[in-house]
Amino acid sequence: MTSIILLSVLGIVNLFFGFLKSNKILLPAAMVILALVFGVNLIDWNADPRSYFNEMLTIDRYSVAFTGIVVLTTLLLIPFSQKYVREGQENLAEYYSLLLFSLVGAIMMVSYDNLLMLFVGIEILSVSMYVVAGSDKRNVRSNEAALKYFLMGSFATGILLFGIALVYGATGTFQLTQINAGIINPANASLQPMLYIGMLLMFIGISFKVSAAPFHYWTPDVYEGTPTFFTAFMSTVVKTAGFAGFFKLLMAAFFAAQGFWVPTIMAITVLTLLIGNVGAVAQTSIKRMLAYSSISHAGYLFIGLVAVNGKLSANAIFFYSLAYSVATVASFAVLKLVSDQRQREDYAGFNGLAKTNPLLAFVMTVAMLSLAGIPLTGGFFGKFFTFGAAIDRGYIGLVVFAVIMSMVSIYYYLRPIIAMYMQPAENETAEPIAVGSFQSAVLVLLALLTVLLGVLPGLFSEVFK
Amino acid sequence: MEQTIPEVIRTVPLEYYIYFATALFAIGVTGVLTRRNAIIIFMCVELMLNAVNVLLTAFSAYRSDPNGQIFVFFIMAVAAAEVSVGLGIIVMIYRNFQNTDVNLLNRLKW
């Protein structure tokens with residue numbers, strides 16, 4: 001709760017920094033704000049669950065944990081924000097403030113207790129994302145990404161809202177626990193078709209937002225056109241918040257209707273895994289490959305949802321989101337630094353990077369291995385825990401399919417590594433990529449964190465007891 | 001005789017509201033999927049949101065529960081925010097393309 005207030009107020013304060021002559025203060029100010037929010041958020045860790053605003057929001061361990069992930073991700077990502085738009089960009093303060101405001105939406109999505117707050121949270125997050133997707137105003141690709149994201153996003157919102165309206169009609173409430181009670185209530189039995197249609201429409205709406213197949217088709221285009229820095233934000237924070245919110249919805253509100261939604265989500269999972277992984281193989285641009293990879297990771301997170309394994313699932317989703325966010329931030333950071341200087345985003349742009357910039361190559365390698373799920377990295381245990389939660393419930397076939405798909409993923413995650421270490425640079429005099437010392441430190445931290453998650457997974461694997 | 005607004009709403013059977021809202025929603029979805037002009041697509045999205053508003057109000061009146069109508073206010077406020085951002089994006093597109101046809105947006109493959 002304090003974190004929401006702090007982010008809103010300090011976000012406005014951050015806007016006023018835009019009046020200063022120099023842009024230099026903006027990045028440190030945003031980092032200080034995020035570090036402060038991260039610390040304040042953790043204070044509630046051992047506190048009892050408390051609800052605010054007539055049970056609109058609940059701050060409990062679940063919300064604190066996922067708020068921690070989204071704030072930490074932003075904090076680690078933001079050092080790479082420089083030069084994310086064209087040189088001489090004037091109004092930088094607005095973009096930092098939009099990021100802070102969008103985090104408010106993400107926090108609402110992980111701590112809501114009422115569908116109203118879910119809707120408002122999703123919208124705060126999405127509307128900020130529509131703006132930042134088009135932040136490179138004179139670049140037609142950025143324009144196009146913004147329009148596509150906006151049209152698809154608001155379309156999804158409409159579908160989500162119609163679903164919420166039907167669920168409200170069938171149960172008579174927006175409160176999560178009361179919806180669950182309303183589903184069980186025999187007086188509402190005749191309204192079951194309406195409830196199921198409503199749930200289905202809500203699933204479609206949320207699947208759009210977390211880019212799960214078959215509602216993923218906007219993702220590669222939008223991710224490719226959006227400035228890389230914001231793409232990284234979209235594929236980590238939006239996805240983490242979306243899944244945490246989705247999990248809470250399924251557990252608290254629709255638990256009684258499991259027989260209906262488990263097969264539905266299972267179908268979405270299989271499709272998402274298939275399309276994400278097979279789609280990524282065919283890509284020639286690393287940014288587009290990472291977009292498909294983020295679709296496929298939505299599939300792995302869905303396995304945790306399908307398992308409906310209470311604390312086991314929650315822990316698995318938490319760990320997976322953390323490992324995925326750290327590795328994705330690292331890979332997008334390297335991609336951004338390389339593509340800013342070499343002006344290309346394809347695999348060949350990475351050729352010979354190990355010679356010119358061993359650090360960037362190493363961090364990218366660790367990130368790719370983690371995303372592929374190789375042991376000793378966080379991604380391995382992320383997959384291990386989600387698959388474990390599913391096997392515990394007897395979904396052997398699903399897990400076997402997911403393992404096959406993650407073998408496919410090794411192919412496209414190894415391609416940048418091969419380009420960096422085995423291909424010679426395009427021309428002999430390729431200049432090293434300029435990386436600031438602070439950025440190098442953050443890159444090392446990201447790599448360390450990924451390895452730490454893979455070596456000592458016990459630190460984060462049982463946050464919910 | 002003086003009637004309260006929920007009573008007026010209840011003079012029409014609930015099914016009719018559901019059919020009406022579903023029809024509006026379906027028109028909106030069809031429009032989004034078939035039209036090619038960004039502004040018309042955008043109008044169809046608004047139509048979908050208004051279908052939701054009608055439905056929520058009807059349910060709210062029939063269940064004598066004010067929550068549904070409060071939700072409608074939130075939808076209106078959020079839709080207004082979305083309109084301002086959306087029109088801003090469309091104006092930006094128009095400046096660069098001199099057109100708002102989504103078929104022109106093929107620099108990134110769909």
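Two residues count as in contact if their C-beta atoms, placed from the backbone, lie within 7 Å. Keep that cut-off in mind for the interface. And note that this is a predicted model.

Interface first. The contact takes 34 residues from chain A and 33 residues from chain B. Which helix gives the most on the chain A side? H6(A), with 18 residues. The elements of chain A that give two or more residues to this side are helix H5 (115–133), helix H6 (140–171) and helix H9 (219–225). By class, the chain A side has 19 nonpolar, 8 polar and 7 charged residues.

Now helix H2 of chain A, residues 26–43. At 1.5 Å a residue, its 18 residues should span 26 Å. The end C-alpha atoms are 26 Å apart, so the two agree.

Which residues of H2(A) are buried? Leu26(A), Ala30(A), Ile33(A), Leu34(A), Val37(A) and Asn41(A). Seen down the axis of H2(A), they fall within an arc of 95 degrees, so they line one face of the helix. The general rule: an α-helix has 3.6 residues a turn, so residues three or four places apart point the same way. What covers these buried residues includes helices H1 (2–16), H3 (61–77) and H4 (92–111) of chain A. Turned away from the buried side, H2(A) carries the exposed residues Pro28(A), Gly39(A) and Ile43(A).

Last, chain B. An unreviewed UniProt entry annotates residues 16–33, 40–62 and 68–94 as "transmembrane region". In the model, residues 16–33 of chain B are 100% helix, with end C-alpha atoms 26 Å apart. Residues 68–94 of chain B are also 100% helix, and their end C-alpha atoms lie 38 Å apart.

Definitions and conventions:
Residues are numbered from 1 along each chain as its sequence is written. Chains are lettered from A and ligands numbered from 1 in the order in which they are written. This is a predicted model: local features need pLDDT of at least 70, side-chain atom pairs count only at pLDDT 80 or more; totals for chains, interfaces and linings use all residues. UniProt positions are given in the numbering used here, feature names are shortened, and annotations may be inferred rather than shown by experiment. Helices (H or I, at least four residues) and strands (E, at least two) are DSSP runs, numbered from the N terminus. The expected span of a helix is 1.5 Å times one less than its number of residues. A residue is buried if 20 or more other C-beta atoms lie within 10 Å of its own, exposed if 12 or fewer, and partly exposed in between; C-beta atoms are placed from the backbone. The arc is that of the directions from the helix axis to the C-beta atoms. Ala, Val, Leu, Ile, Met, Phe, Trp, Tyr, Cys and Pro count as nonpolar, Asp, Glu, Lys and Arg as charged, and the others, Gly among them, as polar.
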